[in-house]
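Dear colleague,

Please find below the structure that I am handing over to you.

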Amino acid sequence: KQQSNEFPKDFLWGASTSAYQVEGAWNEDGKGKSTQDVLTPPPHTTDFKVTSDFYHHMKDDVKLMAEMGLKSYRFSVAWSRIIPAGRGKVNPKGVEFYSKLIDELLKYDIEPIVTMFHFDLPLDLAQEGGWSNRSIVTDFKNYAKVLFEAYGDRVKYWLTINEQNMMVLHGDLLGTATTNGLKATYQQNHHMLLAQAEAMILCHQMLPHAKIAPAPNIVCVYPASDKAEDNLAASNWRSLRNWLYLDAGVKGTFNPVVYAYLKKRDALPDIADGDMEILKAGRPDFIAFNYYNSSTAALEPVASKLMRDDFTAEKDFFYEVGNNNFDVSPFGVAIDPLGLRITLREIYDRYRLPLMVTENGVGLKDTVDENGEVDDQDRIDYYRQHVQAMHEAIEDGVELLGYSPWSALDLVSTHEGFRKRYGFIFINRSDSDLKDLRRIPKKSFYWYQKLIKNNGGIT
Ligand code: BG6
């Protein structure tokens, strides 16, 4: 189908990664351990020790990104590379690595978009209780100060905490869970919100020209039927899944539906005097969010063709269920580009701040064919539809700054290793065999290159 979608002139066509999933060099140049370094990987996957070895391939990988035509690259900084124990002494070599990366990106006019925290907590802090321990708010603020001092002269776009909502709702899969019950989980959430607000306040004080944003994972939620009860369940799930984080992160308020839900379960976090003022003072300049799929909710459980292990449910509140209207990825994820258009409109309508899609993509079982090429047409189809949806949302009036699909290059999935790949660039290794770690641009690499060249307007 002919597509002639021009995007805004300065639209940031990018791609994303996170430190622990791509860098490797887990114990090199003074890096401290993070929670991810000591996780036992699920069977038949791999650990995070070598991953894509970006740490040692940085210059060549950035060169490939430049060849792809990227206008931006969203990466995360490993806290334990900068401050090995999470608190205290700064590691100059760690600071230098990201400094060099930023310089390399700027050499090719690629805008760095820096995530301050993406699932990899310094192990020393984790052993003191991690996000459960209120002192982490100060630790995060001090870490933010080091980042702003070191990179603030070159980095305009900052993201605070990646997918805080996934850490709260799926901590078991991400190595961030607390097992002490609902109140403890939401206490962690409260500390993350405070840490984020402190970072936003500091960013505005230290770097008046920079822009900072939260980066939750947002889904489009549908009711499972036309029953009012299911619509109520969808509304409940939307509040618990999406709005809690943005209401607090953007407006500094506690989402009322979630407040009532936690109160009923005796799980409200302890909120100290002055905390709500801190949340109110921490204002983002834009909203970043990751979008992969939509979700469907019913008030009573219903069987469906697709049932995922990670479906969430709360009796008398909502049950997440499958939805037969969508195609499903090889890993059971509902593919819903129209849901992205709806989500962009919903967020913009609610908060009226510029938006940025900081992750979007599909995990596939890519392989190299006999000609040495990787034909990932399904990924191209996925992206084409999502780019179309973003264009339509812009036509609907949404202010959209950029798009950073997941991921720039193959990396280790959060819990499914290398058998589930997301990159535009293939990394020649498997879960069990490091092989030669060669980089092979996939078919989607050349498709995205053309898309960027035409600023979104291609066939
Ligand atoms: C997002 C995360 O949830 O989705 C990434 O920010 C993650 O870290 C990506 O890799 C894809 O999820 P998964 O579980 O397939 O790796």
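Four strands make up an open sheet with mixed pairing, in the order β6-β8-β10-β9. Strands (E, at least two residues) and helices (H or I, at least four residues) are DSSP runs, numbered from the N terminus, and two strands pair if DSSP finds at least two bridges between them. The model is a predicted one: local features need pLDDT of at least 70 and side-chain atom pairs count only at pLDDT 80 or more, while totals for chains, interfaces and linings use all residues. Residues are numbered from 1 along each chain as its sequence is written.

In this sheet, β6 (220-223) and β9 (313-314) are the edges; each has a single partner strand, so one side of each is left without a neighbour in the sheet. Strands β9 and β10 (residues 318-321) run antiparallel and are joined by 2 bridges, with Ala313 opposite Tyr319 in β10. Helix α10 packs on the sheet, where it touches β6, β8 (294-298) and β10, and its direction makes about 160 degrees with that of β6. Contact means C-beta atoms, placed from the backbone, within 7 Å; axes are lines fitted to C-alpha atoms, for helices over the stretch in contact, and angles run from 0 to 180 degrees between N-to-C directions.

A second open sheet has 4 strands in parallel pairing, ordered β2-β3-β4-β5. Its edge strands, β2 (72-76) and β5 (211-215), each pair on one side only. Strand β4 (residues 157-162) runs parallel to β5, with 4 bridges between them; the bridge partner of Trp158 in β5 is Ile212.

Why does Phe286 count as buried? Phe286 has 20 C-beta neighbours inside 10 Å and therefore counts as buried (buried: 20 or more other C-beta atoms within 10 Å; exposed: 12 or fewer; partly exposed in between; C-beta atoms placed from the backbone). Phe286 lies in the loop between α12 (275-281) and β7 (287-290). Leu353 is 67 residues away from Phe286 in sequence, yet their C-alpha atoms are 5.3 Å apart.

Of the 15 residues around the ligand, Ser18, Glu163, Gly363, Ser413 and Thr414 come nearest (near: C-beta atom, placed from the backbone, within 6 Å).

Yours sincerely

Methods:
Two residues are in contact if their C-beta atoms, placed from the backbone, lie within 7 Å.
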